[in-house]
There are 2 protein chains.
Amino acid sequence: METGETPPHDDGERRFLDAYDPRAFAPTAVTVDVAALTIRAGTPCVLLTRRSAPPQRGWWALPGGFVRAQDGPDGPADPDLPDAALRVLSEKTALPCELHLEQLRTYGARDRDPRMRIVSVAYLILAPDLPEPHVGRGSDAAEWVPWSELGHGDGARSGRPLAFDHARIVADAVERARSKLEYTALATAFLPPTFTITALREVYEAVWGTRLHSANFHRKILATRGFVEDTGELADRGGPGGGRRPRLYRAGGAAVLHPPLLRGTP
Amino acid sequence: METGETPPHDDGERRFLDAYDPRAFAPTAVTVDVAALTIRAGTPCVLLTRRSAPPQRGWWALPGGFVRAQDGPDGPADPDLPDAALRVLSEKTALPCELHLEQLRTYGARDRDPRMRIVSVAYLILAPDLPEPHVGRGSDAAEWVPWSELGHGDGARSGRPLAFDHARIVADAVERARSKLEYTALATAFLPPTFTITALREVYEAVWGTRLHSANFHRKILATRGFVEDTGELADRGGPGGGRRPRLYRAGGAAVLHPPLLRGTP
DNA sequence: GTGAGTTTTTCTCAACCTGAGATGAATTTA
DNA sequence: TAAATTCATCTCAGGTTGAGAAAAACTCAC
């Protein structure tokens, strides 16, 4: 074993880098695609844009774009991939200050884009109800689209078709969101700063597409330390047809739930 | 809403593609790095190689290499990213027929490689005890290194230092493996085709770094449908100092555990 | 062989958690 | 003021978990 050996500094390192020609490599492009999920009026939605330029002009697609490798005429380089994701998203809609951003996965099949070899790093965003998006460069429409209108990325031609392999990416994003709700306190990312236990349950029900027992949900949430914090205040009023005024909570500090809140255990 | 609108086929699509010049883009390279994890004699290890060429010559690193975007002198193009990962790994060690391969995440900070903007897609491999690795192109040594000898990727200079941001990647790989053991039946990926419940428990103990109550573990595994299948056979002998001959099992068909097997619930 | 030690496997029991429904509290509408 | 609605709490049976004891099946030393 060579543990403890000091990694040698190489005198030729600088000479090597000076002589290095990045353009000698076969062209591969790197893009970011953003699957921004939100819940609008109880319906889980994803942000889509309609492509106004080839390839796949006229098809709906996730907001995305090339990672800026270096400073250039279009703007400064993206320091890291999340910066690129936020930049791409900010061209389509207003970003709230609190926003959950995480890497989803990377797609790089040889034939996924007709132009060239394009490797796309997909990001997942969970956001509270955001305003209507606006059109940006490269698109002539932008909409929040319910998940139910899209296929499942399995090739079955159901619902609104998406460009490239974006149906797959959306399906992966939805599955990631569903599974993250089990093990983390991320459901609060879909809600405003203060919310009721019922609103939290409706997030679970919307994302999972199931009904939950409200009393047991209530007990479970309050028993999970760090999930929510009591603000001490009550909502202005109860439901539409009357009812007790619910307590308001804010997100607690906990990131992971112990024990988890599992869907479908029958 | 414009749902149901048929995405138009564009006449200019072909002309656009014919005129497209991939080399016009700023150079970004895509590599794959493989974190191959295994358990050798009860110690969890990761496969590392020592770089024999700049940059970072002499430093230990994960096996990795550029994704082949097109057919070229080095060989045919990688059809997809997992193919590239397997190709890179096969240059270092023999691959068993059964092998768990999954994408870990992608790293693309601007300064993570001194040559150019390099986006690296990291893959996680879980394998049963593999033979000693051999040196391949670009390296002059290859070893299975215990996780305990490495830092945690948090910048703290503990243990054997790794090239680039590979300490971070290894830390992410280890955390992914630890958490996957909770929710999936993946522990069997570290074991040969048939194994005992005790061997399975030792996988959990090695990866999590904890001790588990053997009787409760036994009960839990057998109660989880699809985790293991009884082969009907017994091992040749018990422990080193005698003992009952344990039953042999093989991996069952289940991918996810319901309910999960959680670590640390105190 | 016999007995002590080892390892696997099963059993017991209290504590906790979960699913399902009932009950009570607070508030709006008719 | 009564009824309907919604939030919040309580109860209880059934299942799961954590901890230890006990039984079963084996090896080794004597």
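## Helix packing in chain B

In this predicted model, helix H4 (residues 197–208) of chain B packs against helix H5 (residues 214–223) of chain B at an angle of about 105 degrees, and their axes are 10 Å apart. Because angles of 65 to 115 degrees count as roughly perpendicular, H4(B) is roughly perpendicular to H5(B).

On the side of H4(B), the contact involves Ile197(B), Leu200(B), Arg201(B) and Tyr204(B). These meet Ser214(B), Phe217(B), His218(B), Ile221(B) and Leu222(B) in H5(B). Sorted by class, the contact of H4(B) with H5(B) comprises 6 nonpolar, 2 polar and 1 charged residues.

## Cis peptide bonds

Most residues other than glycine have a negative phi, and most peptide bonds are trans. Against this background, the bond from Pro54(B) to Pro55(B) is cis, with omega near -5 degrees. Pro55(B) lies in the loop that runs between strand E2 (43–51) and strand E3 (60–61) of chain B.

A cis peptide bond also links His258(B) to Pro259(B), with omega near -5 degrees. Pro259(B) belongs to the segment after strand E10 (247–251) of chain B.

## Positive phi values

Phe164(A), a residue other than glycine, has a positive phi, near 50 degrees. Its place is the loop between strand E7 (139–146) and helix H3 (166–183) of chain A.

In chain B, Ala41(B) has a positive phi near 55 degrees and is found in the loop between strand E1 (28–40) and E2. Is Ala41(B) buried or exposed? Its relative accessibility is 81%, so Ala41(B) counts as exposed, the cut-off being over 50%.

Note on methods
Residues numbered from 1 in each chain as written. Chains lettered and ligands numbered in written order. Predicted model: local features only at pLDDT ≥ 70, side-chain atom pairs only at ≥ 80, totals over all residues. Heavy atoms only, no water. Axes fitted to C-alpha atoms, helices over the stretch in contact; angles between N-to-C directions. Helix = DSSP H or I, 4+ residues; strand = E, 2+ residues; numbered from the N terminus. Parallel < 35°, antiparallel > 145°, perpendicular 65-115°, else oblique. Contact = heavy atoms within 4.5 Å. Nonpolar A, V, L, I, M, F, W, Y, C, P; charged D, E, K, R; others polar. Buried < 20%, exposed > 50% of the residue type's maximum accessible area, 1.4 Å probe, protein only.
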